Amino acid sequence: MNHPIRTSVPACPAQLLADAKRPMRTPAGLVGDTPVLWIGEPFTAAGRGFWAKLEGHNPGGIKDRTALHMVRVARERGRLLPGARIVESTSGTLGLGLALAGATFGHPVTVVTDPAIEPLMTGLLTAYGSEVDVVTTPHPVGGWQEARRHRVEELLAAHPDAWCPDQYDNPDNVAAYAPLAHELVAQLGRIDSLVVSVGTGGHSAGIGSVLRGFFPGLRVAGVDTTGSTIFGQPAAPRLMRGLGSSIHPRNVAYDLFDEVHWVAAPEAVWAARLLARDHYATGGWSVGAVALVARWLARTLPAEERIVAVFPDGPQRYVGTVFDDTYCREHGLLGHLPADDPEEIGDPGERTVSRWTRCTRVVDPLAVGGDAPELARAGR
């Protein structure tokens with residue numbers, strides 16, 4: 001027997017659009033207002049969990065926000081002339097954002113990257129009209145990042161009207177994330193702890209500084225990768241992309257962090273895969289690393305603590321790496337169950353870490369005099 005489906009008819013048709021997004025006339029309008037999802041059991045301990053800000057719901061990921069903002073501001077200030085070329089170094093995600101900004105504002109884009117970029121990313125960047133310039137040799141000190149930056153300088157010299165956002169040191173990279181912080185306040189009301197990956201330092205500084213203005217007692221946990229120099233560890237070859245650095249970006253707000261966690265690639269893979277299987281919300285290296293730390297905080301902090309983890313992108317880019325069994329076996333990434341708790345060190349330079357490790361003394365490795373003063377907030 002068929003039963004008729006009863007629907008309520010609103011008194012005013014406009015009510016039908018109350019929860020719908022407005023139609024957009026430009027692709028830039030698709031950026032922002034991303035959802036927040038509760039991550040609980042079985043990824044976390046019973047009765048515990050955290051909120052995940054799903055930046056993968058932007059067209060290209062979290063860096064759509066900063067690409068659009070940096071380009072818009074540069075145009076307003078006259079630093080980026082109409083129709084001039086944009087040239088930038090990136091491992092991929094900012095490249096997608098710049099392609100979006102180029103389409104929005106009418107600029108050709110050249111993305112300088114390295115051989116580790118995924119074929120999917122190269123294909124997407126090309127499809128979106130960007131030129132992809134791949135460096136072939138790492139810099140002897142600064143690795144692939146420094147080699148990419150040198151190539152950017154060469155391209156800027158060859159194209160005098162071209163402009164480089166310089167995501168590593170551009171304060172507009174930081175300012176771009178204030179709307180994301182405001183979204184979180186509107187969505188959750190109260191936030192006690194923030195877990196963010198650190199690469200250029202842009203979104204960690206931009207989100208964290210705004211949230212701390214709302215919540216002075218906010219705990220900020222930075223998540224880096226083993227082999228990264230950002231927080232004072234020695235440089236080493238890194239498999240993970242999107243977080244970590246072999247240079248020292250000046251956008252990193254060292255005084256913002258209460259603690260830093262270094263996560264190894266197998267640990268990030270374990271977390272990213274478990275999230276995908278159990279929660280249908282995941283991403284790549286950064287998401288796995290951030291989720292691992294947020295999971296631990298959810299277990300060890302008081303149950304009433306409201307924890308937010310920022311997931312910078314989604315899983316699509318990582319189908320051939322994080323989620324590919326052959327790739328993971330070739331790189332020894334499978335079968336490594338992370339420890340329940342991180343190892344602890346008292347100082348970033350105490351020893352070289354190779355697995356998930358935590359430090360509550362956060363310092364700027366480039367502080368004057370070579371003896372970096374402690375910048376961590378006291379009593380946390």
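**Note on pockets, helix contacts and backbone**

1. Helices α2 and α3 each supply at least two residues of the lining of the second largest pocket. The model is a predicted one. Within this lining, α3 gives the largest share, three residues. The pocket has a volume of about 220 Å³. It is lined by 15 residues, and those closest to its centre are Pro59, Gly60, Leu96, Leu124 and Gln316. By type, the lining holds six nonpolar, seven polar and two charged residues.

2. The α2 and α3 helices also meet directly. The axes of α2 (residues 93-105) and α3 (residues 119-127) come within 10 Å and cross at roughly 10°. An angle under 35 degrees counts as roughly parallel, so α2 is roughly parallel to α3. On the α2 side, Thr93, Gly95 and Leu96 make the contact. On the α3 side, the residues are Met121, Leu124 and Leu125. Four residues of this contact are nonpolar, two are polar and none is charged. Leu96 and Leu124 belong to this contact, and both are also listed among the residues closest to the centre of the second largest pocket.

3. Next, the largest pocket. Its space comes to about 810 Å³. Its lining has 50 residues, of which Ser91, Arg238, Met240, Arg241 and Gly242 are the closest to the centre. The largest share comes from α4, with four residues. The lining divides into 22 nonpolar, 20 polar and eight charged residues.

4. The axes of α8 (residues 265-279) and α9 come within 7 Å and cross at roughly 85°. Angles of 65 to 115 degrees count as roughly perpendicular, so α8 is roughly perpendicular to α9. From α8, the contact takes in Ala265, Glu267, Ala268, Val269, Trp270, Ala271, Ala272 and Leu275. From α9, the partners are Trp285, Val287, Gly288, Ala289, Ala291, Leu292 and Arg295. Twelve of the contact residues are nonpolar, one is polar and two are charged.

5. Most residues other than glycine have a negative phi, and most peptide bonds are trans. The peptide bond from Glu41 to Pro42 is cis, with omega near 5°. Pro42 sits in the loop between β1 (36-39) and β2 (50-54). Asp33 has a positive phi, near 55°. Asp33 lies in the segment before β1.

6. Last, the overall fold. The chain has ten helices and eleven strands. Its radius of gyration is 21 Å, close to the 21 Å that the globule rule gives for 380 residues, so the chain is as compact as a globular protein of that length. Along the principal axes, the C-alpha atoms fill a box of roughly 75 × 50 × 45 Å.

Definitions and conventions:
Residues numbered from 1 in each chain as written. Predicted model: local features only at pLDDT ≥ 70, side-chain atom pairs only at ≥ 80, totals over all residues. Heavy atoms only, no water. Axes fitted to C-alpha atoms, helices over the stretch in contact; angles between N-to-C directions. Parallel < 35°, antiparallel > 145°, perpendicular 65-115°, else oblique. Contact = heavy atoms within 4.5 Å. Nonpolar A, V, L, I, M, F, W, Y, C, P; charged D, E, K, R; others polar. 1 Å grid on protein atoms, 1.4 Å probe; cavity = no way out; pocket = protein on both sides within 12 Å on 5 of 7 lines; lining within 4 Å. Points joined across faces, edges and corners; volume = space filled by probe spheres on them. Rg over C-alpha atoms; globule rule 2.2 N^0.38 Å.
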